[in-house]
Amino acid sequence: MAIAMARRKFPTFALFTIGLVLSSDVSFRGFFVEGAVNVSEKRLIQQIAKNINPNVRPVLNPSEAVNITLDITFHGVIEMAEKYQILTSSVWVRQRWINQLIRWNTSEYGGLEEISIDSSLLWLPDIVLYNNVFEEFGGRMDNVKTRIRVNSTGHCYWAAPFIFKTSCHFNVRDFPFDEQQCKLKFGSWNLHKGLLDLVPKRNLAPVAKEKVENGEWNLTSIQIKRSEDEYACCPDEKYTDVTFYINLKRRSLFYTYNLIIPNFLIALLAFFSFYIPVECGERISFVITVLLSMTVFLLLVAESIPPTSEAVPVIGMYYTCSIIEVALALVATGISLKVYYSYLYGKGLSPRLRRFLFCRLGPLLWVDTEIVSGAKLAKNKSCLLFKCLKRPKSSVPRDSVISMYNVIENKANLLNGVATTAKNEANLLAVDAQTSAETDITLLETQNSLSGQEIRQRVKKTSTAPEPQHAVSSTLKGYKDTDFHATESRIAAAIVDRAFMVLFILVFFASTLIILLLPFIRKG
């Protein structure tokens, strides 16, 4: 009996389940039709796909040209490869034109005024980026498949984002204070002006508000110009193009902080080597080390600019000038050492050089040359002209040590030394005279005991022998002249060092100022 009751209920349950499924399917089908599919838009797109050929120009008159309005929004500089002269930029491109083959009555399509359609269903202008260097992109705008907005009057609006890699002529003359101008040149590849006319929307292209700032380049402006050109392939036809000139200004803080300032300080150290005492013996090696370090910096600069022979960059000119000045400082150091050790060779300084250093150059550089000039050049009237330029005498006693820092002896010590030397010389001469007198007395005492011939021989030997007093006197005079020439050479070397240091520092500051301001002078 239970089995019989189950059989009676089964058909009823099955019928209820089937009815529920059918009712759910109907409601789902009704929701899909009404909410997700716009019948009017679907019908309009089907009509466009059926009647429009994307290879045919959208004009009713075949002799009429399609006017394309081109505009861009610059989003930012991604990279500027100066060595390869390639600009990588992010750009949004917008194109507008009228498709005369697409027009509909909005009342027939449920009041639909605008649709968004796939770009493969409509005609697209064959706009190409002429100076493209990106292989994968090819330069054709129609390679990007974004949708096109079309309204009921046939106006088409097509926008697409791009990453462009374009060739950019890089002018290195004012590097790193330079301004570069790169361009994006768009034009039709196959259609001349009679079939496609390309016009810009404005004179200055806008920049996106949310653009990413580049750390090296600052975007100043983007100018737009339209031109018509004739090519060798088609001499009777003109092709229109629109060029966007991107003006960029380099931010030179990186190069100033990492290249210019270190080179300035290193070169300045080379010139201050003239202040190092000659006795330390490290002056030439120090200048050579500075010269090598500047050469390394020059190699770093050469890696960051394109290898071109069109112009010499400002920073390259600055480094070359600095290297030349340091090399000349090395030569000047050798000249200073030659003057310093001139007393060891020959008779020391020549009269003309002595007169020029101690009477003319020394007073101008505030080097006190009173001892040397007073001893040897007091009778020279030219020294009197520069007497007023000499440093005032100080009441503080100074050391008598002669070095590159203090080349002047204390006059009192010098006079005492001269007096002591004269006294010692007089004592020695007195001893020599006494010795000579005793020798004469001895000769007189032994004269009686010797024969006449022996006396004549001894007197002859005594007369031919050098007098001791003349030998001692000449030796002391030689030592005195040697000390004087040594002092004179050291003071002369100090004057030469100071002259070279002042000269090189002035020339270096002047050349640095002129070279680094040269780009701003050209702009002004």
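**Figure 1. Overview of the helices and strands in the predicted model.** The chain contains eleven helices and ten strands, and the structure shown is a predicted model. Of its 524 residues, 36% count as buried. Among contacts with a separation of 6 or more, 76% involve residues 24 or more positions apart in the chain.

**Figure 2. The open sheet of six strands.** The strands lie in the order S3-S5-S6-S2-S1-S8, and their pairing is mixed. At the edges are strand S3 (114–117) and strand S8 (196–200), each of which pairs on one side only. On average, neighbouring strands of this sheet are turned by 30 degrees against each other, direction ignored. In general, strands of a sheet pair through backbone hydrogen bonds, either parallel or antiparallel.

**Figure 3. The pairing of strands S1 and S8.** Strand S1 covers residues 66–81 and runs parallel to S8, to which five bridges join it. Within this pair, Val66 has Leu196 of S8 as its bridge partner.

**Figure 4. The crossing of helices H3 and H5.** Helix H3 spans residues 253–271 and helix H5 spans residues 314–340; their axes come within 10 Å and cross at roughly 10 degrees. Angles under 35 degrees count as roughly parallel, and H3 and H5 are therefore roughly parallel to each other. The crossing in which H3 passes H5 is left-handed. On the side of H3, the contact is made by Leu259, Ile260, Asn263, Phe264, Ala267, Ala270 and Phe271. The residues that H5 contributes to this contact are Ile315, Tyr318, Tyr319, Ser322, Glu325, Val326 and Ala329.

**Figure 5. The cis peptide bond between Phe175 and Pro176.** The bond that joins Phe175 and Pro176 is cis, with an omega of about 5 degrees. Pro176 is placed in the loop between strand S6 (155–167) and strand S7 (179–188). As a general rule, most peptide bonds are trans.

**Figure 6. The positive phi of Gln85.** Gln85 is found in the loop between S1 and strand S2 (86–98). Although Gln85 is not a glycine, its phi is positive, at about 55 degrees. In general, most residues other than glycine have a negative phi. The relative accessible area of Gln85 is 25%. Buried means under 20% and exposed means over 50%, so Gln85 counts as partly exposed.

Methods: Residues numbered from 1 in each chain as written. Predicted model: local features only at pLDDT ≥ 70, side-chain atom pairs only at ≥ 80, totals over all residues. Heavy atoms only, no water. Pairing = 2+ DSSP bridges. Helix = DSSP H or I, 4+ residues; strand = E, 2+ residues; numbered from the N terminus. Axes fitted to C-alpha atoms, helices over the stretch in contact; angles between N-to-C directions. Buried < 20%, exposed > 50% of the residue type's maximum accessible area, 1.4 Å probe, protein only. Contact = heavy atoms within 4.5 Å. Parallel < 35°, antiparallel > 145°, perpendicular 65-115°, else oblique. Left-handed = near helix turned anticlockwise from the far one by under 90°.
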